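Dear colleague,

Please find the structure below, followed by a short account of what was found in it.

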Amino acid sequence: MRSALSAVVVGLVVLSTVAAVPVAGTQQADDATTDRSSAASGIDAAGAATQAADDCAPVANGSVPEDPEDDTLGWENGCWYNESIDVTRGDGLNDTELDAVVSRAMARVEEVRELEFNETVPVAVISREEFRQSNATGGNYSVNNSLHQNAKWEAMLMVGEDTDAISVQQSNTGSSVLGYYSPRQERIVIVSENTTAPKMNEVTLSQELFHALQDQQFNLSSFNQTTRELHNARDGIIEGDGNLVDTLYQERCEAEWNCLMPQTQDGGGDLPQDFHWGMYFVTFQPYSDGPKFVDQIYRADGWDGVNAVYENPPASTEQVISPEKYGEDEPTDVRFTDQSNQEWTVPHLKNGTVDYAQFGEAGLATMLFYPTYASGGQESPVVGVRSFFNYTAGGQVSQYDPLNYTTRYTDGWDGDRLYPYVTDDSAETNETGYVWKTVWDSETDAAQFVEGYSLLIDYYGAEAVDDRANTYRIPDGEYADAFYVNHTGRTVTLVNAPSVEELSEVRAGAAPAGESTPTDTATGTDAPGTDESTDTATGTDVPGTDAGTATPIPNDGGGMDGDDGDSTDAPAETTAGDGPGFGTALALAALALAGLALRRRE
């Protein structure tokens, strides 16, 4: 390893990419960053460690172990993993102290994970204000990109047509990100309130270092993370492994190592009042389920077994939520033909960004729960707090696996794909449509999803359209639109448009003549003459869609411990029942998740 990473922060939380949105704030941050890398050392051609850097010697506490002849696991830049150094975090760390702490932390990551660092990772430190400014202006978002994001999150019933989805995501990010590792740039950027003498939490530092190590050993940039579903699925191994390393690192700190740890939980920027928990929960899934997924593999096959997963990463969030499905239940590659008229088109996105969305089992489960936070006081009629949060026997939200993404409405997921549709006027009116096709393991699973979705749109005021089969309309509010729910066999296709008449313009055959069932008792069966059985998952893709590639930036999390809690879901929970009432349960859950939000990611 050539040099230590010498920039640290209270807690490091990684900025994640947003599917179909350019990573904000990377180039702009370059112009306002401070390089905190230590002087370069290296490894000669024969593998012997050179001594240009001996980071622990200036702050050694007692006798200093001899350096090895070769660069070996558990030693970096003159620092052994178990070396004692005279450093405290109270008033922040100067450059000499930073070099020692970071180099020793690198050695400790090697010792825990049994992998070797092999090259320098540049580190930059920026202020929170600089990060907010770069994040707010870092993307030159096209009109089509904005419309794509708006339609995608409107389909999740999380952002209405009068709200800019990109701005909401930027607000989430700008207030809470504490740092990130970029595989594309091969560097760490630290967001710190003090850019000259940052404080640190050594355990959370260890995960940023491990992300750099992951990229060196497993080439994270090669992972296909072009949609939210694929991003979360791949993060099942990336973040699951990272959080397991955190846990093992912290156990060594508590048992034998002297580590720099805060007396109280560190935090970043304060979460704003309008922090969007729905978007957060969608992206949080690999942090909740990933450690358990990786831990099972580690216990069975050791680190060699975990390393092998990088060659065949999880293909879906379903495989991380239910580890027994990994390698056994491959998702359906959902495709379908474009059946819109000339007025409605899929907005084309440039630079190889995909022009469709996939949310997976994790996204659909979150969609059904989100009204609990959106309402500000009324629990979701589909998935309640006691179902979505995992609680320990003591009644606390689990720190190890806090969220339960398994629901009876979504656990039969087998694939999904969503295409936004726009007209020439959408840029002015922001009125969009979409076609969202989902495939399920069985017809019963598909029917259960229709039941849950019907309860959801009923919550938002959907009314059945009398003379149209399985067609509903939300007359007012932020989601005022028309909806068509088509259930055929294992397939459920959702069609959305500003009006009932435009449904068939977005997708031919939608909203046919017939009778709709009330949304709270919908069976989801099609009316005669609305056959979509030929619209199968193996059909032709929408013309002009390009799978493309996207550069993943993995998310970061803190160490986790504790009980993984209950993983069963009750149907259509209400505020009645055992345990704390809705207000108490939600308040406790919000408090717990606020801490986790600052601890783990954006």
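**Salt bridges and a helix contact**

Arginine 408 is partly exposed, with a relative accessible area of 26%. Its side chain forms a salt bridge with that of glutamate 451, at 3.1 Å from N to O. This pair joins distant parts of the chain, 43 residues apart: glutamate 451 belongs to helix H14 (residues 443-459), while arginine 408 sits in the loop between helix H12 (385-388) and E7. Glutamate 451 is also partly exposed, at 30% relative accessible area. Please note that the model is a predicted one.

In total, the structure holds eleven salt bridges. Another of them brings together arginine 417 and aspartate 333 (3.2 Å, N to O). Arginine 417 lies in strand E7 (residues 413-421) and aspartate 333 in the loop between helix H9 (317-321) and helix H10 (360-369), so this pair ties together parts 84 residues apart in sequence. Arginine 417 is buried, at 2% relative accessible area, whereas aspartate 333 is partly exposed, at 41%.

Glutamate 318 and lysine 325 also meet in a salt bridge, at 3.1 Å from N to O. Glutamate 318 counts as buried because its relative accessibility is 0%, and lysine 325 counts as buried at 18%.

The axes of helix H2 (residues 95-113) and helix H6 (residues 202-218) come within 9 Å and cross at roughly 65°. The residues of this contact comprise ten nonpolar, one polar and four charged. The crossing of H2 past H6 is right-handed. Among the contact residues are Arg104 and Arg108 of H2 and Glu202 of H6; a network of salt bridges links Arg104, Arg108 and Glu202.

Yours sincerely

Technical notes:
Residues numbered from 1 in each chain as written. Predicted model: local features only at pLDDT ≥ 70, side-chain atom pairs only at ≥ 80, totals over all residues. Heavy atoms only, no water. Axes fitted to C-alpha atoms, helices over the stretch in contact; angles between N-to-C directions. Helix = DSSP H or I, 4+ residues; strand = E, 2+ residues; numbered from the N terminus. Left-handed = near helix turned anticlockwise from the far one by under 90°. Contact = heavy atoms within 4.5 Å. Nonpolar A, V, L, I, M, F, W, Y, C, P; charged D, E, K, R; others polar. Salt bridge = Lys/Arg side-chain N within 4 Å of Asp/Glu carboxyl O. Buried < 20%, exposed > 50% of the residue type's maximum accessible area, 1.4 Å probe, protein only.
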